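Hi everyone, thanks for having me.

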Amino acid sequence: MMEKSKRIKKDEKILKKFIQVYCKENHLKKGIKEHNNGMCKECYELFLYAKQKNEKCPLDPKPQCKHCKIHCYSKEMRAKIKEIMKFSGIYMIKRGRLDWIFHYFF
Ligand code: SF4
Ligand SMILES: [Zn+2]
């Protein structure tokens, strides 16, 4: 099994990538200003939120969030991240980046 700290880092990388793709296509290209790390303010805040949830997940081993029975995200944040995962997942499939798809979170 993957060491916990490695798992956290890997999940964080995936989260960031999916949020960056979504933000670029839906926000930055439409003129919303970049705030940090290729994300607008709203997306960056969501990234920090998801990152913190990922680090503090009470389950060990952590399941994929989409299979989780607890669902520690707020309703609003869960809806946002689901939308992002869906959009970016489809975007990556269209570009042949199947390697990312296996990591789908939500
Ligand atoms: S939704 Fe479930 S698996 Fe995901 S971080 Fe929260 S408690 Fe952990
Ligand atoms: Zn954004």
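I'll talk about the helices, then some charged pairs, and then the surroundings of a ligand.

First, some housekeeping. This is a predicted model, where local features need pLDDT of at least 70, side-chain atom pairs count only at pLDDT 80 or more, and totals for chains, interfaces and linings use all residues. Residues are numbered from 1 along each chain as its sequence is written, chains are lettered from A and ligands numbered from 1 in the order in which they are written, and side-chain values use heavy atoms, with hydrogens and water left out.

Let's start with helix packing. When I say helix, I mean a DSSP run of H or I with at least four residues, while a strand is a run of E with at least two, and the numbering goes from the N terminus. Two packed helices are described by the angle between their axes and the distance between the axes. The axes are lines fitted to C-alpha atoms, for helices over the stretch in contact, and the angles run from 0 to 180 degrees between N-to-C directions.

Please find helix α2, residues 41-55, and helix α3, residues 75-94. How do α2 and α3 pack? Their angle is about 105°, and their axes are 11 Å apart. That makes α2 roughly perpendicular to α3. For that wording, 65 to 115 degrees counts as roughly perpendicular, under 35 as roughly parallel, over 145 as roughly antiparallel, and the rest as oblique.

Who makes the contact, meaning heavy atoms within 4.5 Å? From α2 come Glu42, Leu46, Tyr49 and Ala50, and from α3 come Met77, Lys80, Ile81 and Ile84. Sorted by type, these residues are six nonpolar, no polar and two charged. In this sorting, Ala, Val, Leu, Ile, Met, Phe, Trp, Tyr, Cys and Pro are nonpolar, Asp, Glu, Lys and Arg are charged, and the others, Gly among them, are polar.

Now turn to helix α1, residues 4-26. It packs against α3 at an angle of about 85°, with the axes 9 Å apart. The pair α1 and α3 is therefore roughly perpendicular as well. On the α1 side, the residues taking part include Leu15, Phe18, Val21 and Tyr22, and on the α3 side they include Ile84, Phe87, Ser88 and Tyr91. The whole contact has 11 nonpolar, three polar and four charged residues.

Let's zoom in on one of those, Ser88 of helix α3. Is Ser88 buried or exposed? With 0% relative accessibility, Ser88 counts as buried. Buried means under 20% relative accessible area, exposed over 50%, and partly exposed in between, with a 1.4 Å probe and protein chains only. Leaving aside neighbours within four places in sequence, Ser88 touches Phe18, Val21 and Tyr22.

Next, the charged pairs. Side chains of opposite charge can pair when their charged atoms come close. A salt bridge here is a side-chain nitrogen of Lys or Arg within 4 Å of a carboxyl oxygen of Asp or Glu. How many salt bridges does the whole structure have? The search finds eight.

I'd like to follow one network, which links Lys9, Glu12, Lys51 and Glu55. Lys9 and Glu12 pair at 3.9 Å, N to O. Because they sit three residues apart in α1, about one helical turn separates them. Lys9 is exposed at 56%, whereas Glu12 is buried at 14%.

Glu12 also pairs with Lys51, again with 3.9 Å from N to O. Lys51 lies in α2 and Glu12 in α1, so this pair ties together parts that are 39 residues apart in sequence. Lys51 is partly exposed at 23%. Beyond its neighbours within four places in sequence, Lys51 is in contact with Glu12 and Leu15.

Lys51 and Glu55 are four residues apart in α2, so about one helical turn lies between them. Glu55 is partly exposed, at 33%.

Finally, which residues surround ligand 1? They are Lys53, Cys57, Pro58, Lys62, Pro63, Cys65, Cys68, His71 and Cys72, where near means having a heavy atom within 4 Å. This shell divides into six nonpolar, one polar and two charged residues.

Conventions. Contact = heavy atoms within 4.5 Å.
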